[in-house]
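Here is my note for you on this structure. Keep the 3D view open as you read.

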Amino acid sequence: MARAVLALGESLQAEVTCSVCLELFSEPVITECGHNFCGRCLAAVLGVPPRPAACPQCRAPVAPGSLRPNRSLGAVAGLAEALGDEARRPRCPRHGEALSLFCESCRGPLCPRCREGSPHRHHRARPAEEAARELRETLQDNLDFLQKEKEDFKPEGEKQSDVLLGKVASERQRLRNTFEQLQRFLQEQEGVLLTQLDQAHRELTEEQCQYVSSVSERTSLLDTLIAEIEKKRDQPVVEFLMDVGKTLSSCEAAKAPIPEPVSPELQRTLESLSETSQLVVDAVAKFKVDLLSKIDRERVKVTLDPETASSDLTLSKDCKTVRLGDRQQNLCDTPKRFTGSPSILGCPGFTGGRHYWELEVGDGDSWAVGVAVESVRRKDSLSMALGKIWALRLDWNGQYTALHMPPALLELKEEPRRIRVHLDYEAGQVTFYNAENMTQILQFKASFTEKVFPYFWLCSQETYIQLCD
């Protein structure tokens, strides 16, 4: 029906279209030859002042005074325009009727038949023109508001970023200057101490040469005296006594002590330099430890908690290393202790912040390291506790697994032996790194609402887990 009405409207519009302007007739006039044109169009043909001209349609002569208004045709043209507007109105794709209503619940146009059916039967609907008028006003109010917001919109985020960028650059330069000054200071002190050691080395070399020369001279003298005395003791009396005094003097000279290999003064100097060198070594080592402890504030010292250890596990005295024992220990069963799997928690636990710890695993397999929440199930098997554990596991067959629910197999290019476990409580991230080259191995996303502890699982006597200082 809608298509038929549209076709009829198009045919009617074709009949009431001016052949000059190709628009619907406006104030049409009829010529003596029976053709109709818009009054303005034919006036333009006749010119100013009006003069006879040919009919634009049949070329018959048209006199200016012969034109008569065709009001009926004008009315028909108006009706054709209205019919065309009606035909062009959007129609319901389901019923083909005009979308003359607006459903306020669904915020969309309806036809009357849609209004009567489900689901709009119980919705509030009103005429589309009325709804459009009010909604246009609402949109205009929103437009006015948004335009004002745009005028007043002066975000300061870029300024804040600029300030922070400037601060980063300033801190970078300050840190560079600090380390350059420290390097110059250390180089100066190194130069002073090395100069003193070089001087001591030269003096020690000189005294060593003197000592070697004295020893050589004394050895030569002794050899000469021994040979001379052995020869002289068998001489006749007068010949023996002729220069015995000289021989005795030489013997007294040979009995005199030779110089010390190192003078006491140089010995004290060397001892002082050695003490200074040791002080420097100790101070630098302490400085490195202190500096790293102040810079690396996220690193924590983790130890194994014996109260949570499964009876299958054996701990070192310092609670830093865990191994799988060859038999179960007779341990008291407490709520904290794991009895369903060879697991153990570390301490301390965390309820916020960013923290990391490092550990080493042996050459064997069947281990897992990561974190677990305080409510992890401790009396059941590992598979029953997975929902509250986030760990990296190496299985007996050499396969690495992301241990959570559900577990996921991993393809690693290298076998990590020293592992860093990083916990970001607020961000809900648990990240594993190969601590030897800081390559990321695995990252879990979680949402923590309770205390989180370091977690360890071991099921092979061929390996171990050792916490690093």
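This is a predicted model: local features need pLDDT of at least 70, side-chain atom pairs count only at pLDDT 80 or more; totals for chains, interfaces and linings use all residues.

The numbered points below go from the whole chain to single residues.

1. **Overall form.** The protein has nine helices and 22 strands. Its radius of gyration is 53 Å, while the globule rule gives 23 Å for 469 residues, so the protein is more spread out than a compact globule. The C-alpha trace spans about 190 × 75 × 40 Å along its principal axes.

2. **Surface and burial.** Of the 469 residues, 30% are buried. The accessible surface is about 30900 Å². Carbon and sulfur atoms account for 54% of that surface.

3. **Contacts along the chain.** Take the contacts between residues at least 6 apart in sequence. Among these, 56% join residues at least 24 apart.

4. **Charges.** There are 59 positive and 69 negative side chains. The centres of the two sets lie 9 Å apart.

5. **The largest core.** In soluble globular proteins, nonpolar side chains tend to be buried together. Here the largest nonpolar core holds 38 residues. Trp357, Leu359 and Trp367 have the most contacts inside this core. Strand 14 (residues 367-373) gives the largest share, four residues. A second, separate core has 15 residues, among them Phe25, Leu42, Cys55 and Leu73.

6. **Trp357 up close.** Which residues does Trp357 touch, leaving aside its neighbours within four places in sequence? Its partners include Val300, Val302 and Phe350. Gly370 and Val371 are also in contact with Trp357.

7. **Thr401.** Is Thr401 buried or exposed? Its relative accessible area is 3%, and under 20% counts as buried, so Thr401 is buried. Thr401 lies in strand 16 (residues 400-403).

8. **Pro261.** Where is Pro261? Pro261 sits in the loop between helix 8 (244-255) and helix 9 (264-295). Its relative accessibility is 36%, so Pro261 counts as partly exposed. Beyond neighbours within four places in sequence, Pro261 is in contact with Glu207, Gln208 and Tyr211. Glu190 is 71 residues from Pro261 along the chain, and their C-alpha atoms are separated by 28 Å.

Conventions:
Residues are numbered from 1 along each chain as its sequence is written. Side-chain values use heavy atoms; hydrogens and water are left out. Helices (H or I, at least four residues) and strands (E, at least two) are DSSP runs, numbered from the N terminus. The radius of gyration is taken over C-alpha atoms; the globule rule is 2.2 Å times the number of residues to the power 0.38. Buried means under 20% relative accessible area, exposed over 50%, partly exposed in between (1.4 Å probe, protein chains only). Contact means heavy atoms within 4.5 Å. Accessible areas come from the Shrake-Rupley method with a 1.4 Å probe; for residues, only the protein chains shown count as cover. Lys and Arg count as positive and Asp and Glu as negative; His and the chain ends are not counted. The place of a charge is taken as NZ of Lys, CZ of Arg, CG of Asp or CD of Glu. A nonpolar core is a set of buried Ala, Val, Leu, Ile, Met, Phe, Trp, Tyr and Cys residues joined through side-chain atoms within 4.5 Å.
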